[in-house]
Amino acid sequence: MPLIRIEDDARIYSAEDGETVLLALRRHRITLPSSCEAGECGTCKVQLLAGEVHELDYDPWALEPEVRVRGIVLACRATVWSDIEIRRLRGLEPQRVLGARVLEWDAGPLQLHLALEAGELAPGDVERSVTVEGAQTGCLYARIVAVDGRHVCCVLQLAGLVSVTRPQPGDVVVLRLPG
Ligand code: FES
């Protein structure tokens, strides 16, 4: 039975063979941040400090290759077959939160057009993964495809559309980007 250690936690948590880190820890009432639980959003990132995991398929938008090489894995996609040690990341990794308003939702190419109301995006933010959250909009996972001044165009990821209502013009949302 594989064992999971968490840095800065004296206890050791058992997992079933092939269980994901997220679900194994949840059985022990250890809650890691998570959202889609399908490898689509990147909310559940942890750092693998020791041991190896087998990773189920995930969207590279949720875990970019340059982040993966630092030993970061998705807890909802990382299955354990032998002992590992992880480090929690949420709260340690800086995040940027930008205020925005929905201008238009184009269901054809799944594009969401937003007007930034607070914060700035740089040209280097194009192609980055972002979470779009709003009281009416729910939580959407998207990729920034264009920034023109305060206008932002995002392409939504399909998995993010399952449990949300359609974004409506005027909805107030926040964009969350990794720092
Ligand atoms: S919870 Fe979304 S990628 Fe793991």
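A word on element names before I start: helices, with at least four residues, and strands, with at least two, are DSSP runs, and the numbers count from the N terminus. What you see is a predicted model.

With that naming, glutamate 37 lies in the loop that connects helix H1, residues 21-27, to E4. Its phi is positive, about 55°, although glutamate 37 is not a glycine. Buried or exposed, or in between? Glutamate 37 has a relative accessible area of 33%, so it is classed as partly exposed, the band between 20% and 50%.

Next, aspartate 8. This residue is in the loop between strand E1, 3-6, and strand E2, 12-14. Aspartate 8 is not a glycine either, and has a positive phi of about 70°. Its relative accessible area is 79%, and because exposed means over 50%, aspartate 8 counts as exposed.

Last, alanine 50. Where does alanine 50 sit? It belongs to strand E4, which covers residues 45-50. Its relative accessible area is 34%, so alanine 50 is partly exposed.

Which residues does alanine 50 touch, leaving aside those up to four places away in sequence? They are Asp83, Ile84 and Glu85. I also have a distance for alanine 50: its C-alpha atom is 9.5 Å from that of glycine 71, and the two residues are 21 apart along the chain.

Terms used: Residues are numbered from 1 along each chain as its sequence is written. This is a predicted model: local features need pLDDT of at least 70, side-chain atom pairs count only at pLDDT 80 or more; totals for chains, interfaces and linings use all residues. Side-chain values use heavy atoms; hydrogens and water are left out. Buried means under 20% relative accessible area, exposed over 50%, partly exposed in between (1.4 Å probe, protein chains only). Contact means heavy atoms within 4.5 Å.
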